Amino acid sequence: MQHIKEAVIAAWEAAWDSGEVDAFDAILHDDYRRESRSSRRVFGAAELKQEILDVREAFPDLRTIIDRVLVDEEHGSLALFWRTTGTFTNDLQGVPASGRRVETRGSNLMHIRDGRIVSEEVTWDQSELLADLGVPSLRSAFEVDESVVDDLSGVPSIDALKGFNRQFITGVTVVTTLDEDGRPRGLAANSYSSVSLDPPLVSICVQKTTSTYPSLFKSTHLGINIMSNGQRGTVGVFASKGADKFAGLDWHEGPAGSPLIDGSAASIEAEIKERFQAKTHTVFIAKVTHAEVSDAEPMVYKAGRFFDGAELTELPTD
Ligand SMILES: Cc1cc2nc3c(=O)[nH]c(=O)nc-3n(C[C@H](O)[C@H](O)[C@H](O)COP(=O)(O)O)c2cc1C
């Protein structure tokens, strides 16, 4: 066991600190399986190597300190306690790099067979790293219960979910921010939701592939403009990609600088408090710091079409 302990430490340092991931070949059993306690994911050697390379790409100056290695001769297992420091230099899982230094820590329980690691339980994965960077993940939503993986009862098809969403009538907002050069950026979004009045919280869900996303993620504040009947053209601009969506548009800055679009039915500026990772999207929770409400009627959005919010007919109560 003393031999494998030394071999594990050497391979660990070579892989995590220098990117020599093939150093693990000497210590991993052919049946090697790694289970993450936090994400409940199970994967093999290839995924482990890729994960290390991905993390090293994001944190090129990564340094690992192995605090402790405990050997359990009787059960043929080895526990390793480690911590790692590094600078968040390149994007990871769609989260834009912040240049911040972070320390993350975890422990691995390794089971040894034939002098090699056959299985490993780890307390850490990339979602832990993002959480240490202040970007928690909605990981409970991604957990897969292996025992019921073939039983899809109760799981809606994508089409059923789309159908459900199409039945939900909303307004349309344009979510705005300033990029690093101080230029206004924005996208059309109907995922706006009021969270609470006291404290005054709102949420918005933004797809990570949008061009507005990196600026939004890095911002301290955002603007949310509820589109009015007179802004059908503006919605079209902000629902598509464009070099300067604000060209020819009248807008003003909120107290913290967020672009607020003139002619909107209402606009708020809010300070971003949380950025929850939801795989393809990030859920922003923001605290409202400024509000403007106009007399303009809001636009209505239903199943891909836009309607006049002033032309709604009220239903009788009986
Ligand atoms: C009515 C409507 C609602 C939308 N809601 C959202 C939304 O909530 N979140 C999102 O990420 N994209 C949403 N989109 C799509 C974006 O507006 C669209 O992808 C846009 O091209 C993004 O621009 P960008 O890549 O320049 O940031 C919506 C589009 C429309 C027409």
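**Salt bridges, cores and sheet of the predicted model**

A salt bridge links Lys 218 with Glu 180, their closest N and O atoms lying 3.8 Å apart; the term denotes a side-chain nitrogen of Lys or Arg within 4 Å of a carboxyl oxygen of Asp or Glu. Because Lys 218 belongs to helix 5 (residues 213-218) and Glu 180 to the loop between strand 7 (173-178) and strand 8, the pair ties together parts that are 38 residues apart in sequence. Helices (H or I, at least four residues) and strands (E, at least two) are DSSP runs, numbered from the N terminus. Lys 218 is partly exposed, with a relative accessible area of 40%, whereas Glu 180 is exposed, at 69%. Here buried means under 20% relative accessible area, exposed over 50%, and partly exposed in between (1.4 Å probe, protein chains only).

The structure is a predicted model, in which local features need pLDDT of at least 70 and side-chain atom pairs count only at pLDDT 80 or more, while totals for chains, interfaces and linings use all residues. Residues are numbered from 1 along each chain as its sequence is written, and side-chain values use heavy atoms, with hydrogens and water left out.

In total, the structure holds 11 salt bridges. Side chains of opposite charge can pair when their charged atoms come close. One of the bridges joins the side chains of Glu 103 and Arg 105 (2.5 Å, N to O). Glu 103 is partly exposed, with a relative accessible area of 36%, and Arg 105 counts as exposed at 53% relative accessibility. Asp 181 and Arg 183 likewise meet through their side chains in a salt bridge (3.4 Å, N to O); Asp 181 is exposed, its relative accessibility being 60%.

The largest nonpolar core comprises 52 residues, of which Phe 24, Phe 59, Leu 222 and Phe 284 touch the most other members. Such a core is a set of buried Ala, Val, Leu, Ile, Met, Phe, Trp, Tyr and Cys residues joined through side-chain atoms within 4.5 Å. Helix 1 (residues 2-18) supplies the largest share of this core, namely six residues. Both domain 1 (2-137) and domain 2 (158-307) give residues to this core, so it lies between them; the domain bounds come from an automatic or database domain assignment. Apart from this core lies another, of nine residues, among them Val 174, Met 227, Val 235 and Leu 249.

Leaving aside residues up to four places away in sequence, Phe 59 touches Gly 86, Thr 87, Phe 88, Leu 92, Val 102, Leu 129 and Leu 133, contact meaning heavy atoms within 4.5 Å. Arg 56 is found in helix 2 (residues 45-58) and is buried, with a relative accessible area of 16%. Not counting residues up to four places away in sequence, Arg 56 touches Ala 15, Trp 16, Asp 17, Ser 18, Gly 19 and Leu 62.

Seven strands form an open sheet in the order 8-7-11-14-15-10-9, with antiparallel pairing; two strands pair if DSSP finds at least two bridges between them. Strand 8 (184-189) and strand 9 (193-196) are the edge strands, each pairing on one side only. Strand 14 (residues 266-278) and strand 15 (residues 281-293) run antiparallel and are joined by 12 bridges. Ala 291, in strand 15, is the bridge partner of Ile 268.
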